[in-house]
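Biologist: I would like to go through this model one feature at a time. Please give the cut-offs as the terms come up.

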Amino acid sequence: MSGLLLYARCPPGGECLRCPVRGGAVTYGPFRSRRRGTSIGINPFPGAKVCSFNCVYCFRGPTRVLTASPPEEDFGVDEGVLLRALEAARAVVEEGVGRVDAVDFSGNGEPTLHPRFPRLAEAAARFVEEAGLASGVGLFTNSTALGLKGVAGALRWLEYVEAKLDTVDPGKFARINAPHSSVKLQSVVEGLAGLRRSFGGRLVVQVMLVEYGGVSNFTEGDARAMAEVLRRIEPDAVHLHTAYRTPRLGGVARAPPEAMERYAEELRKYGLKVSVFRE
């Protein structure tokens with residue numbers, strides 16, 4: 001583990017693309033959230049963005065390792081390294097801002113692609129239990145690896161999953177999310193439906209609304225099509241976002257506030273619980 005940075009403190013409103021650490025820490029934060037309290041992020045891939053997407057709006061920069069399956073290299077993060085990183089983060093945060101409530105897997109790319117993700121999830125859950133943290137372990141995922149062997153089993157260690165689904169239009173999916181060639185939109189939707197059936201914790205679907213190259217995913221037609229799919233998945237809530245940190249590509253435009261509200265209202269017609277976040 002020599003050379004690994006265990007923890008990097010993130011300033012409020014920090015811009016990841018301008019951060020001198022640039023995703024090189026195993027844990028980072030803290031972040032204050034109405035949903036999760038004060039949380040620490042877990043980055044299973046310090047130093048390299050590993051993901052099955054190369055989203056045009058990503059504030060973490062371009063994907064360096066574009067893959068739909070776990071890479072052979074684990075970038076030096078095993079259970080022991082993670083526990084030391086969590087201890088380091090908790091010590092700094094509790095000294096500066098008070099109690100840590102939760103730890104959440106996110107970081108550089110897609111955390112469920114880490115070859116040791118199930119063991120990392122278990123280690124994080126045991127840390128949370130022993131530390132007496134209030135909100136447990138969460139996962140922020142792009143939803144593409146939910147069917148991988150081991151990922152379903154890892155869910156038992158989690159209390160919260162926020163899963164991405166930006167569009168249900170295959171053309172817009174290819175344009176906005178720029179997935180690995182083997183990733184198909186239908187399999188992503190099926191993975192989310194399977195997650196809902198097997199996961200007993202809180203499931204939130206996150207939708208990022210943007211425009212790029214003349215393509216937007218926030219028309220009323222987009223909203224109706226999304227509502228039909230989400231009604232079948234039955235998430236506990238839907239969170240609508242737009243780009244508020246610097247996207248990796250300069251041509252990405254935010255969704256207008258009125259368009260986000262119209263999108264939200266369309267989803268609510270289908271009985272979905274929707275929150276709108278503009279920053």
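Biologist: Which residue has its charged end over the ring of Phe59?

Modeller: First, the basis: this is a predicted model, in which local features need pLDDT of at least 70 and side-chain atom pairs count only at pLDDT 80 or more, while totals for chains, interfaces and linings use all residues. Residues are numbered from 1 along each chain as its sequence is written, and side-chain values use heavy atoms, with hydrogens and water left out. A charge sits over a ring if NZ of Lys or CZ of Arg is within 6 Å of the ring centre and within 35 degrees of the ring normal. At 4.6 Å from the centre of the Phe59 ring, the residue is Arg245.

Biologist: How many aromatic pairs are there in the whole structure, and what is the geometry of Phe45 with Phe75?

Modeller: Rings of Phe, Tyr and Trp (its six-membered ring) pair if their centres lie within 6.5 Å; planes under 30 degrees apart count as stacked, over 60 as edge-to-face and the rest as tilted. The search of the whole structure gives five aromatic pairs. For Phe45 and Phe75 the centres are 5.6 Å apart and the planes are at 90°, so the geometry is edge-to-face.

Biologist: Where do Phe45 and Phe75 lie in the chain, and how many residues apart are they?

Modeller: Helices (H or I, at least four residues) and strands (E, at least two) are DSSP runs, numbered from the N terminus. Phe45 is in the loop between strand 3 (37-42) and strand 4 (50-51). Phe75 is in the loop between strand 5 (65-66) and helix 1 (79-96), and the separation is 30 residues.

Biologist: Why is the pair of Phe105 and Phe117 edge-to-face, and which elements hold the two residues?

Modeller: The pair is edge-to-face because the ring centres are 5.3 Å apart and the planes are at 75°. The two residues are twelve residues apart in sequence, with Phe105 in strand 6 (residues 102-105) and Phe117 in helix 2 (residues 117-131).

Biologist: Is Phe105 buried or exposed?

Modeller: Buried means under 20% relative accessible area, exposed over 50%, partly exposed in between (1.4 Å probe, protein chains only). Phe117 has a relative accessible area of 0% and is therefore buried. Phe105 has 0% relative accessibility, so Phe105 counts as buried.

Biologist: Which residues touch the most other members of the largest nonpolar core, and which element gives the most to this core?

Modeller: A nonpolar core is a set of buried Ala, Val, Leu, Ile, Met, Phe, Trp, Tyr and Cys residues joined through side-chain atoms within 4.5 Å. Of the 73 residues in the largest core, those touching the most other members are Phe105, Leu165, Leu240 and Leu267. The element giving the most to this core, with eight residues, is helix 2.

Biologist: How many residues are in the second, separate core?

Modeller: Its members include Ala48, Val50, Phe75 and Ala145. The size of this second core is six residues.

Biologist: In which sense do strand 2 and strand 3 pair, and what joins them?

Modeller: Two strands pair if DSSP finds at least two bridges between them. Strand 2 (residues 25-33) also pairs with strand 1 (residues 5-9), in the parallel sense over four bridges. Strand 2 and strand 3 have five bridges in the antiparallel sense, with Gly41 as the bridge partner of Tyr28. They are joined through three residues by a hairpin.

Biologist: Over how many bridges do strand 3 and strand 6 pair, and how many residues of strand 3 are buried?

Modeller: Strand 3 and strand 6 pair in the parallel sense over four bridges; the partner of Ile40 in strand 6 is Val103. Strand 3 is mostly covered, and its buried residues number five of six.

Biologist: Where is His114, and which backbone atoms lie by the polar atoms of its side chain?

Modeller: His114 is in the loop between strand 6 and helix 2, and with a relative accessible area of 1% it is buried. A polar contact is a pair of N or O atoms within 3.5 Å; within protein, one must be able to donate a hydrogen and the other to accept it, and residues adjacent in sequence count only if both atoms are side-chain atoms. At 3.3 Å from a polar atom of the His114 side chain lies the backbone oxygen of Val77. At 2.9 Å from a polar atom of that side chain lies the backbone nitrogen of Arg116.
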